[in-house]
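Open your viewer and get your selection tool ready. We will go from one stop to the next, and at each one you will hear what to select.

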Amino acid sequence: MSDLSPASPFAAGSASVRPLDHFGRAVLRCPAASLDLVAERLGIVLPREACRSAIEADVAALWLGPDEWLLLAADARDDWVATLQARLGDAVCSLVDVSHRQVALEIAGGRVTAETLLASGCALDLSLRAFPVGMCTRTMYDKAEIILWRRAPDRFHLETWRSFARYVEGLLHVAETEA
């Protein structure tokens with residue numbers, strides 16, 4: 001079962017990569033003038049600070065741009081987005097179900113850190129100081145676009161398009177063996 005809680009199942013000895021179970025995913029686009037109304041109707045917090053996340057009512061909202069959020073819900077039903085769209089009513093926004101477009105991986109570390117594994121293909125400074133817990137961003141891992149979200153000091157949630165998933169996971173496993 002997927003979970004949005006920050007507990008990590010990995011052993012303290014080495015970094016690991018594992019696929020996560022199904023998540024409901026939706027991309028929300030909303031102008032600033034509608035943010036309060038949309039957040040109220042959806043019953044979630046929409047982070048307003050760049051590259052930050054918020055979790056409320058088992059839904060995570062990741063800020064991806066000035067008017068764009070990725071909404072994640074663990075173990076969401078197939079009609080999850082339709083339910084959210086009904087709540088929105090006449091609010092000025094766009095909500096698109098992308099649940100099957102992406103897959104999620106979890107990268108967690110122990111002696112070999114998650115940052116070390118991710119540094120094998122990501123040029124960002126992923127130190128805890130530069131990329132604190134709760135931070136998220138759209139970036140590249142080698143040649144694939146990813147969304148990277150730091151869930152805990154030693155754990156990241158990585159979203160990538162389904163067509164790039166084996167490529168990204170394979171490169172991370174190579175990095176595991178070389179670390």
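Two strands pair if DSSP finds at least two bridges between them; strands are themselves DSSP runs of E, at least two residues, numbered from the N terminus. You are looking at a predicted model, in which local features need pLDDT of at least 70, side-chain atom pairs count only at pLDDT 80 or more, and totals for chains, interfaces and linings use all residues. Residues are numbered from 1 along each chain as its sequence is written, and side-chain values use heavy atoms, leaving out hydrogens and water.

Start with residues 102–108, strand 7, which runs antiparallel to strand 10 and is joined to it by 7 bridges. Within this pair, pick I107 and find F156 of strand 10 opposite.

Now select residues 155–161, which make up strand 10 and include R155. Is R155 buried or exposed? With 3% relative accessibility, R155 is buried (under 20% relative accessible area, 1.4 Å probe, protein chains only). Show its side chain: R155 makes a polar contact with the side chain of E106 at 2.3 Å (a pair of N or O atoms within 3.5 Å, where one must be able to donate a hydrogen and the other to accept it; residues adjacent in sequence count only if both atoms are side-chain atoms). Strand 10 is largely enclosed by the rest of the structure, because 6 of its 7 residues are buried.

Methods: Helices (H or I, at least four residues) and strands (E, at least two) are DSSP runs, numbered from the N terminus. Buried means under 20% relative accessible area, exposed over 50%, partly exposed in between (1.4 Å probe, protein chains only).
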